[in-house]
Amino acid sequence: MTLDQALAEARGKYALIIDLNKCTGCRACELACHQRNELPGDMSYIRVYPKQKPDGSPYFLPVQCQHCVKAPCESVCPTGATYHHESGAVLVNDKTCVGCRYCMVACPYDARRYDEEKGIAEKCWLCLDWVLGGGVPACVQACAPGARIFGRLDDPDSEVSQLIASGRAKPLHPEFGTEPGILFYIFPGE
């Protein structure tokens, strides 16, 4: 890979698709997130909820930051600590976050977690250091059933681009109007 290719890769837009037909609810993603981010107690930026299909059969719904294009957490942040990275990820600058928790109230996905020790409302940051180095987020690495599919959104040949283009991968709660930018789901039966 040339330097120009490496720089283009680092500036890429990304997508994470969670196939709810494959998620077993094992919570390995939660644990991987907890360990990767050295979070206190049992805190994780991912929550896995048990759900039921209309026919009564169970499935699991992992929820985390959706990295929204119209991120309400960003627009209410009084210090600009919450911002969009050029990759599309919504990040938090821990040096300028004042811990007001406005972002926690604004997020309709309940994706923020307040770290009492640090005094910061944190969230998924997509393990961006690994991603920009050519890797994948810890939750994707930990997903043994292969329910988490990660890749470049700006590559039309990538699996994530094709799943989104096919209409199978959709945002969670589009009615919120936040335009989830990175996370998409393949819902049960689709």
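Me: What makes the space of about 320 Å³ a pocket?

Reply: That is the volume of the largest pocket, and it counts as one because it is an open set of points on a 1 Å grid, with protein on both sides within 12 Å along at least five of seven lines. The volume is the space filled by probe spheres set on the points, which are joined across faces, edges and corners. Keep in mind that this is a predicted model: local features need pLDDT of at least 70, side-chain atom pairs count only at pLDDT 80 or more, and totals for chains, interfaces and linings use all residues. Residues are numbered from 1 along each chain as its sequence is written, and side-chain values use heavy atoms, with hydrogens and water left out.

Me: Which residues line the largest pocket, and what are they like?

Reply: There are 15 lining residues, with Y45, V92, E122, K123 and W125 nearest the centre; to line it, a residue has an atom within 4 Å of a point. The lining splits into nine nonpolar, two polar and four charged residues. E122 and K123 are Glu and Lys, so they count as charged.

Me: Why is the space beside C23 and C26 called a cavity?

Reply: Because a 1.4 Å probe fits there but cannot get out.

Me: What makes β2 and β3 a pair?

Reply: DSSP has to find at least two bridges, and β2 (47–52) and β3 (58–63) share six, so they pass. They run antiparallel, with R47 opposite V63 and Y49 opposite L61. The two form a hairpin with five residues between them, and G56 in the turn has a positive phi of about 95°.

Me: Why are β8 and β9 called edge strands?

Reply: Each pairs on one side only, in an open, mixed sheet ordered β8-β1-β10-β9. Two bridges join β9 to β10 (183–186), antiparallel, and K170 stands opposite Y185 in β10. Helix α7 (159–166) packs on this sheet, touching β1, β8, β9 and β10; contact means heavy atoms within 4.5 Å.

Methods. Helices (H or I, at least four residues) and strands (E, at least two) are DSSP runs, numbered from the N terminus. Axes are lines fitted to C-alpha atoms, for helices over the stretch in contact, and angles run from 0 to 180 degrees between N-to-C directions.
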